[in-house]
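Hi everyone, thanks for making time. Let me put the structure up on the screen, and then we'll walk through it together.

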Amino acid sequence: MRRRNHESRDFFCLNCGKQNMPIHRNTGRMKEAGHRKKLYCPWCKEEVNHIECRTQEDINQFKEDFKAGLFVEEAAASIQYIKESRVDFNV
Ligand SMILES: [Zn+2]
């Protein structure tokens, strides 16, 4: 059974692994699966890198990778970066 490309992109937080709000894109520019985007995560209450998933396979892969801890450092680095910039803003 073939699945059509759906219009919305699912973004998953690299820090908590939860799904963020889907973003609808109408442009013809297709980003590669695995594209990172910094979004505010309502669960982490931080801006964290999210991974873009286009298909159920992408989502399954993300969940496996997340469980394996592949994103721990990247998530921490993205949060740390934000905190450092906030400090800079306050100086
Ligand atoms: Zn999160």
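Among contacts between residues at least 6 apart in sequence, what percentage join residues at least 24 apart? In this protein chain it is 56%, where a contact means that two C-beta atoms, placed from the backbone, lie within 7 Å.

Two notes before we go on. What you see is a predicted model, where local features need pLDDT of at least 70, side-chain atom pairs count only at pLDDT 80 or more, and totals for chains, interfaces and linings use all residues. Residues are numbered from 1 along each chain as its sequence is written.

Now the layout. The protein chain has 2 helices and 4 strands, in the order β-β-β-β-α-α from the N terminus. These are DSSP runs numbered from the N terminus: helices are H or I with at least four residues, strands are E with at least two.

Of the 91 residues, 18% are buried, that is, with 20 or more other C-beta atoms within 10 Å of their own, again placed from the backbone.

Phe62 touches Phe12, Ile51 and Cys53, leaving aside residues up to four places away in sequence.

Asn15 counts as buried because 21 other C-beta atoms lie within 10 Å.

Conventions: Buried ≥ 20, exposed ≤ 12 C-beta atoms within 10 Å, placed from the backbone.
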